[in-house]
Amino acid sequence: MRAAIIDGPGRLRLAQAPVPAPRDGEALIRVEACGICHSDLHAIDGDWTPPPAYPLIPGHEVVGRVVAVGGDASPSLIGRRVGVAWHGGACGRCAWCRTGFETLCPEVEMTGYTRNGGFADYLTARADFVALLPDEGDPVALAPVLCAGVTTYRGLNRAGVGAGDWVAVSGVGGLGHMAVQYARARGARVIAIDPSPERRALATQLGAEEAVSPDDPAGRDRITALTDGGPRAVLVTAPVASAFERAIELVRPGGVVVFIGLPGGDADGIRLSVSALSNWEKSVVGSNVGSRPDLRAAVDLALAGAVTAHVTPVSFDDLPQALEALRRGRVSGRWVLDMRGRGA
Ligand SMILES: [Zn+2]
Ligand SMILES: [Zn+2]
């Protein structure tokens, strides 16, 4: 099969590899589409702690069809279209698994990071962690829900965003453009923050009522006036330290900043004023992808038409160039690897 294999930090190559065999409880999935996420760059660069074990096939926004199952996995899955997300396994028994925090399980498995992902013709996944999807529909359009969608859906939950609340989405890339729509779907009012005029225009098209550049000195005042004191929540999806610092300044007193994007490496630290938090009772919460119930809810909203990813298909041979474009911030919406057609 075709596979994008990382041999070591910064060393990605397109190659032929054997089709993996599903182990007990796993499904073998023929990949139709796999979104290209900023986290894949970190898997390639090895700049997160801990770095992944190489060789590794990245990719964690997978839509495909089950072609075989191993051991005690249900044969009824064979032929079904499924989604595979970053959250690829957990023990099911620990204190976190039992309280809605299964992504924090000490035995957590991460697709495209601790196990091989979807930048290939086939991957295996734990059968009890795949999301069932309908047969019809464009897999390229659906793929971004599996990471960008579920991640921002949970982020809004972590902030307790409800109808009528103002939410600022900082960074309108792959995650942010989904966040705008998931926030709108729950009746929130949205402001988008992004340096790119093209991405700001996309945010407006998707329902943001205001879109400002972080470099605009008047931007913060405009947001504060529009929201009568600042947004109730700020979701930071931009993987840039300054965006996290600005979000804490911007959020209204008593509001919540949700950290979602991950800068990685030397950029993975911010300057934080203690009094800015304590005097104004602001909260900062982290949000880490999503649990299986989050994924189901995010997928169902997309299937109901409340959320539509803005996608650009990428052929397997063009994957390295697409990753480079993402690294340079030149991607609007989500670019998605389309594995249908040639190869296998
Ligand atoms: Zn991702
Ligand atoms: Zn657990």
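Modeller: Two strands are said to pair if DSSP finds at least two bridges between them. The strands themselves are DSSP runs of E with at least two residues, while helices are runs of H or I with at least four, and both are numbered from the N terminus. The model is predicted, so local features need pLDDT of at least 70 and side-chain atom pairs count only at pLDDT 80 or more, whereas totals for chains, interfaces and linings use all residues. Residues are numbered from 1 along each chain as its sequence is written, and chains are lettered from A and ligands numbered from 1 in the order in which they are written.

I begin with strand β4. Strand β4 (residues 62–69) holds V66. It pairs with strand β5 (residues 81–84) in the antiparallel sense, over 4 bridges, and V63 has G83 of β5 as its bridge partner. Strand β3 (residues 26–35) also runs antiparallel to β4, joined to it by 7 bridges; here R30 faces R65 of β4. In general, the strands of a sheet pair through backbone hydrogen bonds, either parallel or antiparallel.

A residue is called buried if 20 or more other C-beta atoms lie within 10 Å of its own, exposed if 12 or fewer do, and partly exposed in between, with C-beta atoms placed from the backbone. V66 has 24 C-beta neighbours inside 10 Å and therefore counts as buried. Contact means that the C-beta atoms of two residues, placed from the backbone, lie within 7 Å. Leaving aside residues up to four places away in sequence, V66 touches A27, L28, I29, L77, I78, G79, R80 and V82.

The loop between α1 (38–45) and β4 contains P50, and P55 is placed in that loop between α1 and β4 as well. T49 and P50 are joined by a cis peptide bond with omega of about -10°. The bond from Y54 to P55 is also cis, with omega near 0°. Most peptide bonds are trans, and most residues other than glycine have a negative phi.

Next comes the sheet with parallel pairing. It is an open sheet of 6 strands in the order β12-β11-β10-β13-β14-β15. At its edges stand β12 (210–212) and β15 (283–286), each with a single partner strand, so one side of each has no neighbour in the sheet. From one strand to the next the twist averages 20°.

On its other pairing, β13 is parallel to strand β14 (residues 256–259) over 4 bridges, with L235 opposite V258 of β14. In a regular strand the side chains alternate between the two faces of the sheet. In β13, A233 and L235 point one way, V234 and V236 point the other way, and all are buried.

The loop between α6 (219–226) and β13 contains D228. D228 has a positive phi of about 55° although it is not a glycine; with 8 C-beta neighbours inside 10 Å, it counts as exposed. V289, in the loop between β15 and α9, also has a positive phi, about 40°, without being a glycine. V289 is buried, with 22 other C-beta atoms within 10 Å.

Last, the helix contacts. The axes of α3 (residues 148–158) and α4 (residues 174–185) come within 8 Å and cross at roughly 50°. Angles under 35 degrees count as roughly parallel, over 145 as roughly antiparallel, 65 to 115 as roughly perpendicular and the rest as oblique; α3 and α4 are therefore oblique to each other. Residues of α3 in this contact include A148, Y153 and L156, and those of α4 include L175, M178 and Y182. α3 also packs against α9 (residues 292–303), at about 110° with the axes 9 Å apart, which makes the two roughly perpendicular. G149, V150, Y153 and R154 of α3 meet D294, L295, A297, A298 and A302 of α9.

How values were computed: Axes are lines fitted to C-alpha atoms, for helices over the stretch in contact, and angles run from 0 to 180 degrees between N-to-C directions.
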